[in-house]
Amino acid sequence: MTRPLAVVTGASSGIGRASARRLAADGFEVICAARRTDRIEELAAEIDGRAVTCDVTSASDIAALAEQVGDRLDLLVANAGGALGTEPVVEADLDEWRTMYETNVIGVARSVQALMPALVAGQGEVIVIGSVAAHVSYEGGGGYVAAKHAVRAMVGSLRLEMYDQPVRICEIDPGMVESDEFSLVRFHGDAEKAAAVYAGVVDPLQQEDIADCVAFVASRPQHVNIDSMVVRPRSQPAQHKVHRR
């Protein structure tokens, strides 16, 4: 039997890689899309999937991804994104803001545009990995908060626009996830600062927890749409309030 087909962007690490593994375990053929070819080739070999080198900020890369997908697609997990920097708004590097917007917002829009015909044909689903930063602002997160608010607004518009098409649109917004690279990238490779984010936190989420949520949403009947899902560790009841030992 032909396996249902999923695309996971940003599959070379973190939530994307965990989601690709989980979906493969659930019976999907997964196209692992990311910039780092060596990592996604290794992952694709592990899960019997396919690797497509893809930078979501590149129109030509997304076009090549769509060509690899073909005429039908069951699931797009638009995960590629991330945060850069923690400076106050008045001190922020606006080039980093532009990079975050291009990746988190334009990259999702470009992926959706290119793959929507195949998703409609497959009566599929779009799952966008957002953030609780889409719901509340916090100090030192202006650029990332702005980008994720934009993602949430865009997904809301997309859902309304696709109301008469057989495609489900979901947004999953994680809170604190102790993933392998998110904070490391945000702090430009400073491992000490990245580790301090999670220091003493009582049971932060793991990337596999979000992959479980992706699998749950993807497994709902075609007539059931999970509009949005906010997922936090129990120890983080709000953005600013975290239980640390």
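R168 is buried, with a relative accessible area of 8% (buried means under 20% relative accessible area, exposed over 50%, partly exposed in between, using a 1.4 Å probe and protein chains only). The model is predicted, so local features need pLDDT of at least 70 and side-chain atom pairs count only at pLDDT 80 or more, while totals for chains, interfaces and linings use all residues. Residues are numbered from 1 along each chain as its sequence is written, and side-chain values use heavy atoms, with hydrogens and water left out.

**Exercise 1.** Find which side chain meets R168 in a salt bridge, and where the two residues lie.

Solution. 
- Step 1: A salt bridge is a side-chain nitrogen of Lys or Arg within 4 Å of a carboxyl oxygen of Asp or Glu.
- Step 2: The partner of R168 is E125, at 3.0 Å from N to O.
- Step 3: E125 is in strand β5 and R168 in strand β6 (residues 168-174), so the pair ties together parts 43 residues apart in sequence. Helices (H or I, at least four residues) and strands (E, at least two) are DSSP runs, numbered from the N terminus.
- Step 4: E125 is buried, at a relative accessible area of 1%.

**Exercise 2.** State how many salt bridges the structure holds, and describe those of R159 and R22.

Solution. 
- Step 1: The count is 13 salt bridges. Side chains of opposite charge can pair when their charged atoms come close.
- Step 2: R159 and D227 form a salt bridge at 3.6 Å, N to O.
- Step 3: This pair links distant parts of the chain, 68 residues apart: R159 is in helix α5 (residues 142-161), and D227 is in the loop between α8 (207-218) and β7 (228-231).
- Step 4: R159 is partly exposed at 21%, and D227 is partly exposed at 39%.
- Step 5: R22 meets D26 at 3.2 Å, N to O; R22, D26 and D212 are linked in a network of salt bridges.
- Step 6: R22 is partly exposed at 29%, as D26 is at 41%.

**Exercise 3.** Decide whether T9 is buried or exposed, and list what T9 touches.

Solution. 
- Step 1: T9 lies in strand β1 (residues 5-9).
- Step 2: With a relative accessible area of 1%, T9 is buried.
- Step 3: Contact means heavy atoms within 4.5 Å. Not counting residues up to four places away in sequence, T9 touches G16, A33, V56, L76, V77, A78, N79, A80 and S111.

**Exercise 4.** Describe how α4 and α5 pack.

Solution. 
- Step 1: Their axes are 7 Å apart, at an angle of about 20 degrees. Axes are lines fitted to C-alpha atoms, for helices over the stretch in contact, and angles run from 0 to 180 degrees between N-to-C directions.
- Step 2: That makes α4 roughly parallel to α5 (angles under 35 degrees count as roughly parallel, over 145 as roughly antiparallel, 65 to 115 as roughly perpendicular and the rest as oblique).
- Step 3: Residues making the contact include W97, M100 and Y101 of α4 and G142, G143 and Y144 of α5.

**Exercise 5.** Give the phi of Q123 and of H188, and place each residue.

Solution. 
- Step 1: Most residues other than glycine have a negative phi.
- Step 2: Q123 has a positive phi, near 50 degrees, and sits in the loop between α4 (94-121) and β5 (125-129).
- Step 3: H188 also has a positive phi, about 55 degrees, in the loop between α6 (182-186) and α7 (191-198).
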